[in-house]
Each structure stands twice: as C-alpha cells, then as structure tokens.
Amino acid sequence: MTDIKVDILEEAAADAVAVVEAEESRREEEAPLPETLRLLPLRDSVIFPTLIAPLSVGREAGKRLLDDAVDSGQRIIGVVTQRQAGEEEPGFDDVYPIGCAVHIRTLMKGDDVVRLLVQGVRRFRIVEQIQTSPYLTARVEPILPSPDEEGTDEAIEALKRSIIGLFDQAVSLAPNLPEELRALTANVQEATVLADLIAAHMPFSTDQKQELLGMGDTLPRLRRLVEMLGREVRVLELTSKVTSEVSAELSRSQREHFLREQLKAIQRELGDEDGFGEDIADLESKLDDANLPEEARAAADRELSRLMRINPGSPEYTVCRTYLETLAALPWDHKSQDNLNLEHARAILDEDHFGLDKVKDRIIEFLAVQQLKSSDEMRQPILCFYGPPGVGKTSLGRSISRAMEREFVRLSLGGVRDEAEIRGHRRTYIGSLPGQVIQGIRRAGTSNPVFVLDEVDKLGNDFRGDPASALLEVLDPEQNSTFRDHYLDVPFDLSTVLFIATANRLDTIPPALRDRMEIIELGGYTEQEKVEIAMRHLNGRQMTDHGLVGRGVRIQPDAIRLIARHYTREAGVRNLNREIGSVLRKAAIKYATGFTGRLTVSQKFVKEALGAPRYLHDRVTQRPPTPGVAVGLAWTPVGGDVLFIETVKMPGKGGLVVTGQLGDVMKESATAALSWVRSQAESLKIDPELFEKSSIHIHVPQGAVPKDGPSAGITMVTALVSLLTGRTVKSRLAMTGEVTLTGQVSAIGGVKEKVLAAHRAGVDTVILPEENRKDYMEEVPAEIRAELKVHYVNDVGRVLRLALEG
C-alpha cells in the first residue's frame, strides 16, 4: 500500500512563500472551522497552518474519504499523524489527538494513488469520536491563542530574531537543507507563521512537531522552537566537527600510503628492496588482523615506524621485528566459547576421573554461575589442587579444559628460580623473550585457556629474583586484567584465564600467594577407589601401551586389589599403574612367544609376575606390644603414614633426649608431654623419684626422614605413661592429636590421609580430637568408617583410659 507522506521540495517552499504573503488578508475571509471533520491519517508527517504540501493517498479508506469530501462540496478535511507509521488501518488510538484542518486546493486521481495539494488552515483538537469506518470522523475544536496573550511584542520580536539566526546556522550546517530556505524567513513577518514554517522544514522528530502543533499561544511556541533549534544546531556543529576530523584522518592516511608507494618505487629502482617492503606490509597486515587494544596498538605503531628506518642488516632490526611478530601472534580478543552444559561437563569429568567430587562440584558451580551471568563480567576462579602425588591433580586440569571446551596449557614450576620466567626479560637483553605465562597464552591461541601451574609449591628463589612474588600479579583477579610482561611492556588481560595451581604441600607456598588461591584438597584414595580407578582407567591405558588390546587379556579386580594391598603403599595410584604395567609386560612375553589364547590376570599370575609380596603383614601387628611404645598418625606430602613413638628410661639425672630428626614443634610437643606427665604423677601412680633418678629417651624411627608438627602430642603422652607405669598400649590402636600443657586435646589437620594410612597399616581403633569429628564424617569414605572404631576425646585422661591395657 502506498504511504501517505509530505514531500517538502523547493517548489512547495516557493508556494509557501506566496501563501504567506497573502495570509493576513485571507485570514479574515476564511470560513469558520467546521465542527465535524473527516480525518486523514498521515505517516511520519505533520502539516502546519498556512503551509502548502503535496500528499499521496494510496489506502482505500483515504480514497473513500476524498471522494466523499469532493462530492459533498466540503473541501476542508482534517489531517492527523499516526503514532506508528507501520499501522495500515489506524484507529483513534493510533493517531495523535492534535491535527491540522487543511483545504484541498487540487486533486488528481491516478491508477493506484490520489495526488492532491493541500493548504493548512487551522490547528484543532479531537473532542469526540464519531465514526471509525469507512474512515475516521470526529468532532473537533480549534486551538486558539489565549485571549490574555498581550504586551509581548518585544519578547516575540527577540525570539523571532533568535529563531531566524538559529535557522540560518542550521541551513548552513545541514547538508540536506537547501540554501533556498534562507529566503523563506526574509519574506515572513508574522511570528506565528514563521514558527510554523521553520518547524515544518526542520528535521525534528514527529513528537517534537506534534508538540509545536499543539501550542496555540505564540510566545511559548517560539520559546520551545528556540530550544529545539539550539539543540539541533549544537548537534549539527558536533557532526560537522567529527566529519572534518574523519576527513583529515583519511587525508593523512592517503598521504602516508602515497609516500610509502613512492618509497617502494625508489627502492625498486635502486635495487635495495630485498623483500623489505613485503616484510613491513606483512607485519602491518598481521597487526591489523590481531585487533590490538589501544595502548598495544600505539606501541606497535611506534615500533613499526622505527623498523622502517632500521637497516635490515642491523641486529636491532631482528629484535624489533621479533617484538612485532610476538604482538601480532597473541590472541588479544580471540576467546573460545565455553560449553556451559552442566550434564556434559559432569559426564566428561566422571569419564576421566573416579571420585574427586569436591573438585567436580566446584567446576559445575562455576559453569552454573557463568550460565546466569555474562562471561565478560564473570571473574575466573584461581584454584589450587593440593594433595599427595598420584591422585590426579594435573590430569584433572586437562579434564576441566575438555569439559569446558577450552584450550589447555601446562607450565611446570618445579625448580624455577628466575623471576623472568614468569614476567619475561626486558628487551634490552640479547635473546630476550616473553615470560612463560605469555608464551603459554600464545601457544594456546585463545585468551581464555585452562592454565595449569604445576608444582607451585616447588618454586625457588635466588639472586635472579623470586618467581613466587611475580605470580602474585598473575593470580590476583584484581590485577591480572592489566598484567604487564617485561618483554611486551603493554598490558595483557589475563582475567579470562582459568588458572589452576597444583601442590603437594602448602607450607612452602608464600602466604601472600596462598591467600590468592582457592585451596581444594585432594586426599588419598582408599583401596576400593584404587581398584575402581584401575578397572576404569589404568587397565585400558596399559593394555594400549603394551599392544594387548583385542588379544583376550582380562584383569580380575582381586588381582588389582592384591597389587594395591601388598605391592604398593601410597596415597595415589602412580605406583599401582607401574605395577600393572609390569604384570602386563609378562603377559606380552607370553603372546610374543606363541601364546594365542585368552589370558586372565589372577592373583596367582600377579604373584608369578611380581614375585613375593613386599608388604605381607600389617605394620602395626608386626611389632609385639611393649611398654613405652605407642602408634601415632602423621601427614606427609605423599599421603598419611603411621608413626611409632618409642620411649625408654635409664639411670640418669632427669634429662630428656629426643631423636629421629624431629623439628622444633615436635620437640616442644615432647617437652610439653613430659611436663604434663610429671605434673600428674600422683594421679597416674608414678613414683616422682623416677624423674629425678632416670633419664628419658624419646625416639621416632625412620630417622632419615624429617618430621615435625604438633599432632603427635597425645601419642607421646601415652608412650611416656605406658613406659613409666609398665602398662602396654592396646594392639591395633593408633591416635593423633595435639596436647596442651593442661592436658587438653586440640584439633589437627590431614584427618583423611591419616585415617587411610591407619587403615592400610592394619589399625582397627583410632583416637581423634573431638573437634575433628566433622572432618572424619565428611572426608573419610563410608566403607572405611564401617571398618574402624573411632573415639573422640577432649582431654588426655580419656586418651589414657582408652589406649592403655589394665
């Protein structure tokens, strides 16, 4: 359907001037406004009184309206503007209530449209809706000036001059307003006609033009028009300024391009080109494609300009070129799209690793939050997986990258002592390179990989700096968005990188670095978990490595359990994996020497392949009960372990000897334990003279292994009381807990590792501090809890009653 529109052309403007000149004489002769008007809706057009405008009517309702108007001899109709131009059949709710009565001057019918020329007569307001079909008809009232609007001639004249000046500026600044419009204002004397004339020709919005059309009083209308013109002129001035700046920039770029082409032509004539120009052009193209941030682009442009002035044979040329290639190769704004499907992520994590629910839940939580929040706003967690070797810390990072469909980068920090390995070398040095963090990002090809910082607890430091301190900026979410590598010397955003650190122990990590990471502990595996891991993951991997896939080899779970129990003693599964490989190599020999049948790896086959079991008896039951010996539990970086505390007394002068390569904290625990026993000698029925006539020696076996920590406190007290009273400690019982000088038992750490070590060593009764009850219930697997009897204690007296015979 053809639109109804106003076509404001220069010819119409000339007609409007002619109309304006006769306006005043014609106004008295004009017939009064009819009370009822046929209403013709317009699209994106507002007609003002006294102005002539051409219209094209294509809708059937509009054609019917014009036919009825001509037939009735009533050539005055009302025009109203639609609120939404796309409405094909507008009703009263779809048009503005303010319109303009127009007189049909000429009318010409075509095949599809009716063309007519109308002249605005008077403003009106719709007061009553009469009909909506076949066209709109309404009772209207004219909008007239207020009767008390007098004595404003000077104000009107001032506003009129301001309007004329602003309109002249707008015409000179706007490219779509012809210069001929300046003549309109010179021929109009009446202020109200001037206001309508300018409002009709300015590119105001429909709402703004409707606002002016609805104002009957001249003074407010002029003031509002001054505001609109002033804003329009300011916008046009700003547009003109921006256009000029863009043109100047284009001119400068064109000039530089022309000069570069001339330089290339001169070099070709002199025979000095040697591919130099192609190198520069190639670098420019790569830098453009890299989409560098503003600061990085400025640095690249400076270096590129400098490169163009350096002789290609100079060593400095290679340094500068390498720097630019590094900038161009970095993924400044290239990110991989995260797969936020929680079921997919859980399936991938479960497929690659058995157990480790705490870590898996943390990754699922992160993905769930990312689903609900924009990724640009999402702060990446800084995780630290802490636990003994062989529990899957590094491989878990690879699984996380696979679950999120991100690139994976691994950086081993073990033995790193140079701060430049993290932050890069400054370009003043020959052969300088970016740090390993930036190089890892470049290898990944995306700015948001999963970045594993392996063995973060084994960082060193010397005269070359402290790399652990350099990591503070990398792993701080408040700072790493502007990480500045020494080599690049421009900020690079690391805030979208998912950093995962791994460590076997926390005490060697500086406190400031440890505070920046979310510590997630990965404890040791139970025997059943090791069997599950071997059956699900290790067996298939070893079968593939040894060429046994498809040959009918089957490993029984009991065989795996035998290996885990009697051929390995570890928290993880690394040695278990090696022993399975050893067994399968024996199977490979059988197949290589002609065996073609199916082979079942049973307990018998394991014993033939690996020889006699290395750990045939439980460590605790190997020692006969002896007064003065108690079993404690210790945490080590490779998992938990049982600890034997041995005490003897001998003639002497009351001294205390402590051996076994113990640390200061453990020596103090021994002193505190002896002091408590001496203070309670009477209640324990110990002769006080023993302390004066005897010296006591406390020894912890495996003297080559350093030991420290306060958790052996109650074990030392029990061993001393056992020694001095002659009562043995109950068999298959172990304990852990810190003791105070007043006999209170305090909480300790590493509960899961210690309990698993006790279970592996044949312990069936464990004494733990009361404060560690929640740790035991949450961390220790249910199948282990079912096989152990646990006592929770608050004081040493209860420990002695539970631990000593008799």
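**A buried serine and its surroundings**

Tutor: The side chain of Ser695 reaches the backbone nitrogen of Lys653 at 3.4 Å. A polar contact here is a pair of N or O atoms within 3.5 Å; within protein, one must be able to donate a hydrogen and the other to accept it, and residues adjacent in sequence count only if both atoms are side-chain atoms. This is a predicted model, in which local features need pLDDT of at least 70 and side-chain atom pairs count only at pLDDT 80 or more, while totals for chains, interfaces and linings use all residues. Residues are numbered from 1 along each chain as its sequence is written, and side-chain values use heavy atoms, leaving out hydrogens and water.

Ser695 belongs to strand β19, residues 694-699. Strands (E, at least two residues) and helices (H or I, at least four) are DSSP runs, numbered from the N terminus. With a relative accessibility of 13%, Ser695 counts as buried; buried means under 20% relative accessible area, exposed over 50%, and partly exposed in between (1.4 Å probe, protein chains only). Setting aside neighbours within four places in sequence, Ser695 is in contact (heavy atoms within 4.5 Å) with Val648, Lys649, Met650, Pro651, Gly652, Lys653, Gly654 and Gly655.

Next, a loop residue. Lys685 sits in the loop between α24 and α25 (689-693). Lys685 is exposed, at 76% relative accessible area. Its phi is near 60°, a positive value in a residue other than glycine. Most residues other than glycine have a negative phi, and most peptide bonds are trans. Asn291 also has a positive phi, of about 55°, although it is not a glycine. Asn291 is in the loop between α9 (276-290) and α10 (294-308), and at 46% relative accessibility it counts as partly exposed. As for peptide bonds, Ser133 and Pro134 are joined by a cis one, with omega about 5°. Pro134 is in the loop between β5 (114-131) and β6 (136-142).

Helix α24 also takes part in a helix pair. Helix α24 (residues 664-679) packs against helix α26 (residues 713-725) at an angle of about 45°, their axes 9 Å apart. Axes are lines fitted to C-alpha atoms, for helices over the stretch in contact, and angles run from 0 to 180 degrees between N-to-C directions. The two helices α24 and α26 are therefore oblique to each other; angles under 35 degrees count as roughly parallel, over 145 as roughly antiparallel, 65 to 115 as roughly perpendicular and the rest as oblique. On the α24 side the contact includes Met666, Ala670, Ala673 and Trp676, and on the α26 side it includes Met716, Leu720 and Leu724.

A second pair can be set beside this. Helix α13 (residues 357-372) and helix α14 (residues 393-404) pack at about 30°, with axes 12 Å apart. That makes α13 roughly parallel to α14. Val359, Ile363, Phe366, Leu367 and Gln370 of α13 meet Leu396, Ile400 and Met404 of α14.

In α30 (residues 796-803), the buried residues are Val796, Val799, Leu800, Leu802 and Ala803. Viewed down the axis of α30, they fall within an arc of 165° (taken from the directions from the helix axis to the C-beta atoms), so they line one face of the helix. Asp795 caps the N-terminal end of α30, with a side-chain oxygen 3.1 Å from the backbone nitrogen of Gly797. In helix α6 (residues 191-201), 11 of the 11 residues are buried, so α6 is largely enclosed by the rest of the structure.
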